[in-house]
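Colleague: Could you take me through this one while I have it open? I'd like to jump around a bit as questions come up.

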Amino acid sequence: MPVPEKVIFEYSRAGRGAIDQWPQEVAPAALGDLPAKLRRTRLPELPEVGELEAVRHFTRLSQLNFSIDTHFYPLGSCTMKYNPKACNQYAMLPEFLARHPLAPESQGQGFLACLYELQEMLKAVSGMEGVALSPMAGAQGEFAGVAMIRAYHRARGDLKRNEIIVPEAAHGTNPATATMCGCVVREIPVASSGDVDIEALKRAVGPQTAGIMLTNPSTLGVFERGILEVAHIVHDAGGLLYYDGANLNAILGMARPGDMGFDVIHMNLHKTFSTPHGGGGPGAGAVGVGARLLPFLPIPVVGRDGERYRWLNEADLPQSIGRLSAFMGNAGVLLRAYIYMRLLGREGMRQVGEFATLNANYLLKRLQDAGFDAAYAQRRASHEFIVTLRRQARDLNVTAMDFAKRLLDYGFHAPTTYFPLLVPECLLIEPTETESKDTLDAFVTAMSRIQKEAEQEPGRVTSAPHTMPVRRLDDVRAARQLDLTWKPTAQP
Amino acid sequence: MSNLPADLRYTKSHEWVRTLADGTVEIGITDHAQHALGDLVFVEVPDAGRVVKADEPCAVVESVKAASDVYAPIGGEITAGNPKLAAEPEIVNADPYGEGWLMRLKPAPGAVAGAALLSAAQYQQVLDSEGD
Amino acid sequence: MAFIPHTEADVAAMLAAIGVARVEDLFDEIPPELRLKSLAGVPEALNEMQVGRLMSERARADGIALSFLGAGAYEHHIPAAVWAITTRGEFYSAYTPYQAEASQGTLQLIYEFQTMMARLTGMEVANASMYDGASATAEAALMAVRSNRKSKSARILVPMTLHPHYRRVAAATAANQGLKFEELPYGPQEGVITATALAPYDAEDITALIIPQPNFFGRLEEVDALTDWAHARGILVIAVVNPTGLALLKPPGEWGARGADIAVGEGQPLGVPLSSGGPYFGFMTTRMEHVRQMPGRIVGRTLDAAGKEGFTLTLQAREQHIRRAKATSNICTNQGLLMTAATIYLALLGPQGLMRTAAAAHARTRELTAALTRVPGVRLAFSGPYFHEAVLQLDRPVAPVLKALASRGILGGLDLSAYYPELVNALLVCATETKTSADIDRYRSALNETLQGVRAA
């Protein structure tokens with residue numbers, strides 16, 4: 001069991017420092033023009049440690065983490081596939097790193113070529129007419145999408161359309177985004193089959209409908225079989241369809257949202273296109289649109305005049321919803337996605353969809369054979385599926401969260417447990433295509449062992465984890481007694 | 001089966017209402033609500049003097065799992081928010097109908113409860129139909 | 001190649017276990033008319049060697065120029081250890097720390113980051129970072145509207161000396177939620193907000209005032225006077241600051257009598273390469289009284305079941321995945337990797353190193369403006385102190401001058417005329433500790449020749 005690491009401030013000693021990293025001292029006179037009243041009177045209290053101390057500290061911290069590089073990480077809806085090292089290496093070539101965002105286009109044709117081709121490839125896999133790369137995360141991509149829908153209706157003078165329909169199984173960002181765009185959310189139920197309730201949808205649409213936000217396959221891990229009818233109903237009522245691309249991995253190379261009738265989509269490049277999750281970011285939420293929404297794309301977008309690439313800005317897109325990022329979004333992330341897509345190529349895209357789905361269906365079947373309950377047992381898994389531990393919670397008092405914590409002891413990161421809210425005691429499991437059969441089998445073995453423990457020695461599961469750097473943490477205390485910054489005389 | 005004092009009135013959104021001797025009303029959340037939320041970590045109550053309409057959200061109860069709005073069952077002027085809850089939100093969990101009161105309000109003249117107030121039995125029916 | 005480890009034997013075994021004949025069959029729930037036959041528009045796969053060659057060619061084509069560009073993204077030396085550690089797989093390929101026991105590395109690092117940023121800005125608490133400085137500013141405006149109990153007008157005063165892109169982003173992202181941004185003009189001589197600009201708002205109901213320091217022109221605003229003016233009127237103060245500058249300049253927590261209410265800025269100068277504009281990270285700090293209105297992730301320290309200290313995400317009830325339609329924001333990320341780099345950077349530099357970096361940037365910029373204003377036709381546009389950026393007034397349009405300089409491998413700065421039509425012939429220049437006296441002299445000489453119309457043979 002790894003030894004927990006002190007907080008870096010505890011290593012701090014006055015006068016220590018990575019002195020070799022500091023620029024030469026500047027004569028005080030050189031700062032004389034800065035008025036005293038605008039000057040800092042005391043240096044900020046940052047840690048004072050040597051370089052080796054800092055390196056050891058942060059290296060040891062890294063060793064306290066689970067990561068894709070070290071563990072199977074079947075987090076549903078997160079697509080924790082392998083992040084190829086080549087993507088990082090070539091995105092970090094010195095010329096790409098050194099380029100200033102406002103450098104002239106003439107000195108960025110190589111970079112712009114990569115981004116333009118990325119736009120084109122994303123159009124091709126999604127079946128859309130235009131792509132903008134600047135949204136910096138899936139949530140920002142969603143914002144852009146809903147903002148474009150609103151802008152579209154306003155441009156047509158249809159000001160009453162301010163309602164966004166969201167299935168009750170939707171990810172929390174969907175309703176939050178709708179509210180951020182000044183829209184009202186209307187939730188509709190999902191049928192027990194896992195598909196959207198078509199009758200409820202028919203009742204929900206009307207002249208107030210701006211659009212509907214859907215994921216397909218849905219957050220329940222199943223394909224929305226009635227999607228063409230859903231599109232028909234919403235379009236007939238004058239609304240538009242927004243596609244949350246969180247689950248694009250399931251259908252990559254096999255089907256395209258544009259063909260399903262979606263008018264606008266966002267894609268999570270940090271999921272489907274394997275850019276690093278980085279402990280919480282940076283992501284990239286590129287948006288794709290059909291012809292109707294092309295004028296509203298957020299700027300900047302990469303355009304091409306003959307052989308030359310250039311940025312398209314407000315002058316080129318006067319109806320754009322505007323600028324979402326100080327510069328042009330997460331360029332380094334976009335380069336990684338570009339490299340990944342070039343490595344995949346046409347056939348590779350298809351393999352992603354195929355093997356992600358094969359792995360999910362295999363894992364589902366093996367878990368069912370081991371006695372676990374699938375939430376939608378009558379459906380095919382997409383690239384993910386839900387196992388419900390409702391029975392274990394009811395009969396053994398062992399919850400999905402308990403299983404999740406015990407899995408950590410077995411060397412597996414837990415699947416997603418916090419949604420969909422619709423399924424109680426759920427584990428949303430997404431293996432991704434880069435995992436081997438052996439890994440999946442090992443996961444099933446672990447789950448079976450935990451089930452046995454739950455039956456025979458439930459305390460072992462409910463008090464898990466036992467072998468991690470910390471035991472289960474007191475969330476309530478964390479929220480009641482807020483300790484958000486380190487203080488020298490802090491007490492537990 | 002949660003605790004439901006018979007002398008109080010209730011709302012569908014899980015608030016309770018007690019009429020005090022001086023005509024002001026005292027408002028809190030029910031035992032069912034505090035149980036569903038789990039340990040409360042934070043409570044925000046309205047300032048005295050604030051005027052609220054019936055069904056207006058005017059307080060927030062926050063647990064680790066969820067943050068929920070509390071709605072004014074009746075319109076009027078807030079006379080007090082419970083001052084103890086800032087430091088000890090857990091009082092609401094421990095004593096939701098007594099020490100865990102959230103706010104007191106002077107009903108506006110002729111004020112009508114927005115969502116009709118329920119008796120204990122009626123509120124119990126609401127809980128039963130929600131499948132608890 | 002799609003990094004798929006399966007052999008044919010694996011596939012056969014798996015299909016048998018599932019009970020289907022072909023992988024195709026697993027897609028039988030998708031309507032046949034939606035099934036793709038082929039993916040035109042995507043080229044064939046390249047292997048790693050081929051991709052490496054392609055990217056190297058493109059990088060070489062772009063090259064690296066001698067740059068004096070600032071304008072919101074700054075070139076600083078990044079110690080080698082920063083990215084060597086940040087790109088470790090355990091940081092690079094880890095997810096958001098929702099399962100705290102498996103993420104103590106990331107969580108503790110965020111806690112350390114929060115502590116450093118709170119201290120740097122002189123505030124009490126920080127979040128785990130936001131997308132970038134521009135979106136952090138927009139989020140701060142939304143937060144001020146939520147937090148300001150006295151003012152409900154949602155009118156936000158925004159100086160024209162705030163980065164033009166930040167103003168556009170605020171408009172694009174916050175306007176749909178009822179915020180009204182009103183621009184404050186700057187004094188044409190001084191290049192900062194003056195009392196004249198504030199006068200029309202003396203008795204108005206305003207929710208927040210944004211104060212950049214330094215401002216987009218590199219000029220130093222009168223932060224104390226502005227802060228006190230705002231607080232006297234129940235207006236919340238949002239500081240937008242450069243983090244390197246905070247090693248030398250008074251932090252927002254000490255502005256005026258009571259300090260700013262919210263401080264945000266672009267964190268890129270702290271160990272993040274320029275990389276064409278992203279990924280960067282925004283930071284946000286505030287006082288404890290506003291912490292529940294602060295968007296983004298926050299890490300707290302607590303105890304585990306055995307009484308040992310540990311770290312976990314906290315105050316999540318505010319976040320989108322719990323409050324859904326009532327969330328403080330829809331933000332679902334923090335710029336984890338960049339925040340990691342910044343934390344390591346700050347640990348390596350410490351207070352002395354950061355202060356020296358700031359001082360060197362200041363000294364180099366002074367040296368730059370001194371050298372360039374020796375060239376006939378070039379003078380400083382504004383009077384008054386500036387920090388690591390300044391506006392020069394040329395005697396002719398800037399664009400052709402920049403083009404000439406670019407052909408000599410020098411990026412001379414930013415032509416301001418596109419952003420400020422009233423600033424004709426104005427050039428924003430920046431020098432950090434990465435520029436030497438020789439670099440500065442090379443620029444001076446090239447500028448001199450360009451303006452004199454002299455070409456090197």
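This is a predicted model: local features need pLDDT of at least 70, side-chain atom pairs count only at pLDDT 80 or more; totals for chains, interfaces and linings use all residues.

Colleague: Where does C:Phe3 sit in the chain?

Modeller: C:Phe3 belongs to the segment before α1 (8-18) of chain C. Its phi is near 60°, which is a positive value in a residue other than glycine. As background, most residues other than glycine have a negative phi, and most peptide bonds are trans.

Colleague: And what about C:Asn425, which also isn't a glycine, what is its phi?

Modeller: The phi of C:Asn425 is positive as well, at about 60°. C:Asn425 lies in the loop between β14 (414-415) and β15 (426-430) of chain C, and it is classed as partly exposed because 19 other C-beta atoms are found within 10 Å.

Colleague: How do β14(C) and β15(C) pair, parallel or antiparallel?

Modeller: They pair in the antiparallel sense, over two bridges, and within that pairing C:Leu414 stands opposite C:Leu428 of β15(C). Both strands belong to an open sheet of four strands in chain C, with the order β11-β12-β15-β14 and antiparallel pairing. The edges of that sheet are β11 (378-380) and β14 of chain C, each of which pairs on one side only.

Colleague: Staying with strands, what can you tell me about β9 in chain B, at residues 103-107?

Modeller: Four of the five residues of β9(B) are buried, so this strand is largely enclosed by the rest of the structure. It pairs with strand β3 (residues 25-29) of chain B in the antiparallel sense over three bridges, and there B:Ile27 has B:Met103 as its bridge partner. With strand β8 (residues 76-81) of chain B, β9(B) forms another antiparallel pairing, over five bridges, in which B:Ile78 stands opposite B:Leu105.

Colleague: Switching to peptide bonds, which ones are cis in chain A?

Modeller: I can point to two cis bonds: the one from A:Asn216 to A:Pro217, with omega near 0°, and the one joining A:Ala464 and A:Pro465, with omega about 5°. A:Pro217 lies in the loop between β4 (209-214) and α8 (227-236) of chain A, while A:Pro465 is found in the loop between α14 (458-462) and α15 (475-480) of chain A.

Colleague: How is chain A split into domains?

Modeller: The domain assignment gives domain 1 (8-62), domain 2 (86-344) and domain 3 (350-477) for chain A. The C-alpha centres of domains 2 and 3 of chain A are separated by 30 Å, and 19 residues of domain 2 of chain A are in contact with 19 residues of domain 3 of chain A. On the domain 2 side of that boundary, the residues divide into eleven nonpolar, seven polar and one charged.

Colleague: Which residues of α1 in chain A are buried?

Modeller: The buried residues in α1(A) are A:Ala54, A:His57, A:Phe58, A:Leu61 and A:Ser62. Seen down the helix axis, the buried residues of α1(A) fall within an arc of 135°, so they line one face of the helix. As for its geometry, α1(A) covers residues 51-62, and its twelve residues reach 17 Å from the first C-alpha to the last, close to the 16 Å expected at 1.5 Å a residue.

Colleague: What do those buried residues of α1(A) pack against?

Modeller: They pack against helices of chain C, namely α3 (80-86), α4 (89-92), α5 (104-121) and α11 (336-372).

Colleague: How many residues of chain C are in contact with chain A overall?

Modeller: There are 167 residues of chain C in contact with 177 residues of chain A. The largest share of the chain C side, 22 residues, comes from α11(C), and that side as a whole divides into 92 nonpolar, 47 polar and 28 charged residues.

Colleague: Last one, what does chain C look like as a whole?

Modeller: Chain C has 13 helices and 15 strands, its C-alpha atoms fill a box of roughly 80 × 65 × 50 Å along the principal axes, and buried residues make up 62% of its 457 residues. It is divided into domain 1 (8-59), domain 2 (66-75 + 357-452) and domain 3 (80-345), with the C-alpha centres of domain 1 and domain 3 of chain C lying 43 Å apart.

Note on methods
Residues are numbered from 1 along each chain as its sequence is written. Chains are lettered from A and ligands numbered from 1 in the order in which they are written. The expected span of a helix is 1.5 Å times one less than its number of residues. A residue is buried if 20 or more other C-beta atoms lie within 10 Å of its own, exposed if 12 or fewer, and partly exposed in between; C-beta atoms are placed from the backbone. The arc is that of the directions from the helix axis to the C-beta atoms. Two residues are in contact if their C-beta atoms, placed from the backbone, lie within 7 Å. Domain bounds come from an automatic or database domain assignment. Ala, Val, Leu, Ile, Met, Phe, Trp, Tyr, Cys and Pro count as nonpolar, Asp, Glu, Lys and Arg as charged, and the others, Gly among them, as polar. Two strands pair if DSSP finds at least two bridges between them.
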